[in-house]
Amino acid sequence: MSLLIRNAILADPAGPHRADILCRGGRIVAIGRDLDAPGADLLDADGLTAGPGFIDVHVHGGGGHSFFTDAPEAVRAYAAWAPARGVTAFLVSTAAPSHAALAARLAALLPGFETPPGAAEPLGYHLEGPWLSPARRGAFPPDYLRRPSIAEFEALHAAAAGRIRQVTIAPELPGALPLIHTIARLGAIPAMGHTDATITECRQGFEAGIRHVTHLFNAMRPFHQREGGPIVAALEEPSATCELIFDGAHVEPDVLRLAWRLLGPHRTVMVTDNLHLAGTAAPGDQFAGERIIVRGARAQRPDGTIVGSVATFDVHLRNAVDYLGIDLPTAFRLASTNPARIAGAGDRKGQLEPGFDADIVLLDRDLAVAATVCRGVIAYRRG
Ligand SMILES: [Zn+2]
């Protein structure tokens, strides 16, 4: 099965230029002028900018489909919906109210990971907890939190058939440091988040193996001039990538600009933290037994606690370009290249290059999604 994308504008750091993109067997096989491919399906991209598809490593659902469920159909349904927002791969970010419930959930959702070409690809799990600070739990109720336990992580790892890719953990919890070490040893990325740690405790966490930071600024001890906490520790740690939510509601644009100046294009990872309400017109719903209401780009509890974002990935991308004043090649690094590394797929996703997966988003002049290709198959085409 071949697909020829004609006359795309490539968002190249050296400057935009026109090219055809030939996809075969789910991969990009050639990029160049006037490519010929008899029998291939054609997609005329005239005037549209092509970039690597967006990869969301922190997403709880969208289009009405939630990952806080044991139904694998939810993962498949999200994977079918997400390309309309430019997303071609993602980590299933989930949690549950007990160890047994979480283990059961990870096992139950696995069949949903088998998505066909033409849908976004689940690249593994992101566990947001259960080893989170009670003081910075955000919208997670207390019964979602646990004391660090290597045995429990090993059980979750087995239940998930080794598909856990990212684990958000508060490094100051008793027993967190050896657990961080174990998470890294078993091939997942320990991510600091939902934490009340001091800067010293954060540095011990980085020493133990933390390599990534979950939604920098949100659900963590705030900056103080005599205790920089997780924010200063994260910004100052050159080996750590940091998630930023660009919905304009979780973090103010001025604060995003400040973080961007310190993180730069290699360490910034765009995430949505989307709930299932994202991309729907629903005014609210329930999460963990509590009412949530939509206020602009965010979903919150009636007391104002943010539960997640409802602005879809394409909105985050446009905001990032707007707030940071970055060009499109840089925006694609934040939205695709860097998250591909976090998701463990940096060798096959996140770049428009021959040999890489044919995960491609086509954007119009307003940076709206006009078409999306997932593993060589047209997954979305604006009507
Ligand atoms: Zn989240």
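What follows is a short chat about a helix, a sheet and some aromatic rings.

Q: What kind of model is this, and how are residues numbered?
A: It's a predicted model, where local features need pLDDT of at least 70, side-chain atom pairs count only at pLDDT 80 or more, and totals for chains, interfaces and linings use all residues. Residues are numbered from 1 along each chain as its sequence is written, and side-chain values use heavy atoms, leaving out hydrogens and water.

Q: Which residues of α6 are buried?
A: Gly229, Pro230, Ile231, Ala233, Ala234 and Leu235.

Q: And what do they pack against?
A: The buried residues of α6 pack against β12 (189-192), α5 (199-208), β13 (212-213), β14 (241-245) and α7 (253-267). Contact here means heavy atoms within 4.5 Å.

Q: Switching topic: what's the strand order in the open sheet of four strands?
A: The order is β16-β17-β18-β19, with antiparallel pairing. Two strands pair if DSSP finds at least two bridges between them.

Q: Why do β16 and β19 each have a side without a neighbour in the sheet?
A: β16 (284-287) and β19 (306-309) stand at the edges with a single partner strand each, so one side of each has no neighbour in the sheet.

Q: How many bridges join β16 to β17?
A: Four, and these two strands run antiparallel, with β17 covering residues 290-295. Gly284 sits opposite Ile293 in β17.

Q: Now the rings. How many aromatic pairs are there?
A: A search of the whole structure finds 12. Rings of Phe, Tyr and Trp (its six-membered ring) pair if their centres lie within 6.5 Å; planes under 30 degrees apart count as stacked, over 60 as edge-to-face and the rest as tilted.

Q: Why is the Phe67 and Tyr78 pair edge-to-face?
A: Their ring centres are 5.2 Å apart and their planes are at 75°, so the pair is edge-to-face. Phe67 lies in the loop between β8 (65-66) and α1 (72-81) and Tyr78 in helix α1, so the pair ties together parts 11 residues apart in sequence.

Q: Buried or exposed, those two?
A: Phe67 is buried at 0% relative accessibility, and Tyr78 is buried too, at 2%.

Q: Which residues form one aromatic cluster?
A: Phe67, Tyr78, Trp81 and Phe90.

Conventions:
Buried means under 20% relative accessible area, exposed over 50%, partly exposed in between (1.4 Å probe, protein chains only).
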